[in-house]
Amino acid sequence: MGSNMAECHPVAFQWIVEAQRKGGKLIHVDPRFTRTSAMANLHVPIRAGSDIAFLGGLVHYILEQERYFRDYMVAYTNATTIIDERFLDTEDLDGFFSGWNEESGTYDTSSWQYEGGVIHASAGERGAPRPPADGIIIEGAPPHSDPTLEHPRCVFQLLRRHYSRYTPEMVERVCGVPQHKFLEVAETICDNSNRERTTAFVYAVGWTQHTVGVQFIRTSAIIQLLLGNMGRTGGGVMALRGHANIQGATDIATLFDVLPGYIQVPSVKDSSNLKQFCLDQGGAAGGYWGNLEAYLVSLLKAYWGDRATPDNQFGFDYLHRVTGDHSTYQSTLGMVDGWVKGFVVLGENPAVGSAHGGLHRKALRRLDWLVVRDLYEIETASFWYDSPETQSGEIRAEDVGTEVFFLPAAANAEKNGSFTNTQRLLQWHEQAVEPRGDCRSDLWFTYYLGAKIREKLAASTEARDRALLDLTWDYPLDPKSGDPSAEEVLREISGRGPDGQLLASFGALRADGSTSSGCWIYCGAFAGGQNLTNRKRPGQEQSWVAPEWGWAWPLNRRVLYNRASADPEGKPWSERKRFVYWDEAQGKWVGPDVPDFPGDRRPDYQPPPGATAENALSGDRPFIMQADGVGWLFAPSGVVDGPFPTHYEPQESPVRNLLYEQERNPARQVFRRRDNPYNPTAGEPGSERFPFVMSTYRLTEHHTAGGMTRFLSRLSQLQPEMFCEVSPELAQERGLRPGGWATISTERSVIEARVLVTARLPVLRLGDRVVHQVGLPYHWGSRGLSTGDSANDLFPLVLDHNVHIQETKAATCDIQPGRRPRVASR
Amino acid sequence: MTAAPTARRPAVSLPMWQGGGTRMGFFTDSSICIGCKACEVACKEWNGVPDIDTGFTGNSYDNTSSVGANSWRHVAFVERQRPDTGDGVQWLMNSDVCKHCTRAACLDVCPTGAIFRSEFGTVVVQDDICNGCGYCVVACPFGVLERREAPDGRAFKCTLCYDRLQVGDEPACAKACPTQSIQFGPLEELRERAEKRLEEVKQEPRYAGARLYGDSKDDGVGGFGAFFLLLDDPEVYGLPPKPVYRRTDLALLWGAASVAASVLTLGVLGSLSWRRR
């Protein structure tokens, strides 16, 4: 669901094909019939944006038909945990949870806590809420639980109640999925999830790009925990990333609020005391985050080397402090509003690839300066003389004041380095050819930019410049190209011990400043001085897990939480699914994968009083990053919009929310301003002007915003123009001719596209209501060999508040035959 | 109805490749083709095949349209209703290519010897010898051969990457195919593999019509060196159900023409002689 894997991840899809040849079944739930659907054993059309209703229907089915894997669920999830008596569900408050603050538009999550304690999330909004000093959970088991699952406030019963109305009938009315199809999916998944068998969920941006994106994924996680599909081979929730190295970019921290290894960037509100910060961030709780201080100090040592000392808290004060939301779209608005003056864009094309392209281009026009590094002069660099606004005459090039620096970048075959793929696998690649002309690698650019800034600041005595001047910035340079050594960077990331030896495990990291590691989860990638990411031993020459192909973080584990592949006593759930299990004779966990658990920790281990971190978890708690060591059906913290996923309509929807009075996710991030108008949604006056659901997506032939493909003739000829996909019924209703032109409009913009009429776009029936969908590939812009209008120009800024990701997978639009109006040039 | 060409075989001597070494070929398994077109791109890159500019066709995701001089692989996209249930859509994809026929009419009609049978049993056009006469174009029962208008009208088609085969590498398309829908190898081995695969595929009700195409030595061209597993009739994919070795017809035509010419000549001579009288 939420993924078109065959089209967008064709290389990874080979494994699905292989699984199918071994008898595996592929179910594709998607608004369109795509190349993935063509390969699927079953395609289920669904209304874009209604996935929680569908997934919640599955939860309802699993609970009411008692199809859950009871032994797994009771032992390895928080199903038995009792929740604070102040907690109120959306069933009580018609679409709200307890703690809603209308004024701030946020939840106070204190009533979502476990009864008897406060617990931290392992990710997300980890620092909030601040635990009271006496409420920190430091023992393995949450204090209050009911293994019989009967307590009315235990998570299991709350979950049942929360999804009690997500029936097959409701799924049909909300999602447009016929009941028999829904039940076929439910039965197939349940039949295939037990001791002997497992089921995997695969998603991509079809789940993330919604105002409830995080909760889509949470719902699938709940299903997988109920069915016992986590930590076991063939199970899991697989996020397919949009680029070859997005996983790596996230791990090594491109986000504004995350340091390498998912360590939170300190906020201005946080303690300026390193130790206290680590404690506040969950450093006193159970699980591996209890070692946060060791990870953070090692990172600071990697940054500042000898200048990071106990006396200056290892440079903790050198770290920037977050003052608020500085995510992509906030920064864009900052440019529009004039408080962001400069912008450096690497490997991204926001003028085409981000929601509300017109607003992005407006933002670019208001900058003082802009640096774009890319393979070609993409739309983000050409906005000032070649854009919809200059073509219409609305903007003249001579009136744009932004100084644009376009720097040519080297492509992947022109540089060494590693990619981290979607399964956390680091794979090294060697340079094949020298980059041409002035093209340089990102590493080259970053290194020399830093060197130049340091040179300019060399004489500074300002305290604020110390962080830059004290950085370790001494990578060996290639004598010919001047490129810094990428392998040396990986060594620094992997980490070193007291005598400079390369470390084998993050377990060796210390908070006393004796170790360094640029990213604790990558520690060991260069163990023993060998670049383990560069291993290329063919799969057939090693065990089926293929541990000697590349290197997976952490510690080359291929299946996360694989302690859960054995029962609480450490025995495999079944012979067929034997994976990682306890060997009493050897006194350790064994199996073809690296155990994701302390290797010699007995299954019957009980933490002694005062134990911390992983030692605070008992031997039957597989989810070692969680403070309580179990998978969370109910999320007491970490998510800002509810402990249980709840169906809300998108910001713009042609239908009302059938489940709750509250139409949309109350905690979504909206920007009510004149340059970001929203279409009236169902129930509001004027909504009939935008009767159709639109959704964006990618094609195999092009890559995201087109910077890597629209300039290549071989690829451009395969999909030479922007087009839209409509059903024959919609084509007839609106008079759209196959191969002709259509104009698609929203409150933000009007674009044109060629028309592809296809029965692959299903017409959905929601009760007596018919909903048409318009499909829009988003690859195009005005540059390159294959051109067209940008689908993203149609979308508004409205975000998931957890992760600040835009809703571009479901909104409303109108479509009419013919080309868009053209404004004569001034 | 086309007369079965095999019936005419005794009448005309048909050159059939007997070969010395191992015959190499393609098995294209359309049941696992995901329509990614990596084969089209890899082929063009390796072989330096010129770009095409068909523009947006509006015909499913097919903007290449056919196998030709400038598209040696072509992925066909067929959208239709599911044949078994009639409910919902089916989207068939298949990467078409030169069939490297056992009895290759293109080779037999080529007057310059530009087309030859390689040591791998493949049929290859030598572009430095081709004079652009176009005989092969009419001879090919699949419409694979085409003359490249610019600059000089010579004919081009898939060489089964003759240059790569010579150094022990597999053809570019097979190498690029992510799902192994395109398999390269000794033809006999591929045929065995294909038989087994067909049995697997036919288990699925919606693929009850699956069959191998071009695997039989008894078809009109003596079997393909590049054969297919299709999920339905070849016509569904735009492929001829009963390909005909066209040189048979040409030979007969030439024969008929020479008879006609003789008659004419005789007639003329006769009239002359009559006149003379």
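Here is a short exchange about a predicted model with chains A and B.

The model is predicted: local features need pLDDT of at least 70, side-chain atom pairs count only at pLDDT 80 or more, and totals for chains, interfaces and linings use all residues. Residues are numbered from 1 along each chain as its sequence is written, while chains are lettered from A and ligands numbered from 1 in the order in which they are written.

Colleague: What radius of gyration does chain A have?

Modeller: Start with the rule, which uses C-alpha atoms: 2.2 Å times the number of residues to the power 0.38. For 826 residues, a compact globule would come out near 28 Å. Chain A agrees with that, at 27 Å.

Colleague: What percentage of the residues of chain A count as buried?

Modeller: Buried means that 20 or more other C-beta atoms, placed from the backbone, lie within 10 Å of a residue's own; 12 or fewer means exposed, and in between is partly exposed. Chain A has 826 residues, and the buried share is 52%.

Colleague: Which element of chain B gives the largest share of the side that touches chain A?

Modeller: Two residues are in contact if their C-beta atoms, placed from the backbone, lie within 7 Å. By that rule, 26 residues of chain B meet 31 residues of chain A. Helices (H or I, at least four residues) and strands (E, at least two) are DSSP runs, numbered from the N terminus. The largest share, 4 residues, comes from H1(B).

Colleague: Which residue of S10(B) is the bridge partner of B:Leu212?

Modeller: S9(B) and S10(B), residues 226-230, run antiparallel and are joined by 3 bridges. In S10(B), the partner of B:Leu212 is B:Leu229.

Colleague: Which helix gives the largest share of the side of domain 1 of chain B that touches domain 2?

Modeller: An automatic or database domain assignment sets the bounds. Chain B is divided into domain 1 (16-244) and domain 2 (245-277). Across the boundary, 9 residues of domain 1 of chain B are in contact with 4 residues of domain 2 of chain B. The largest share of the domain 1 side, 3 residues, comes from H2 (residues 105-109) of chain B.

Conventions. Pairing = 2+ DSSP bridges.
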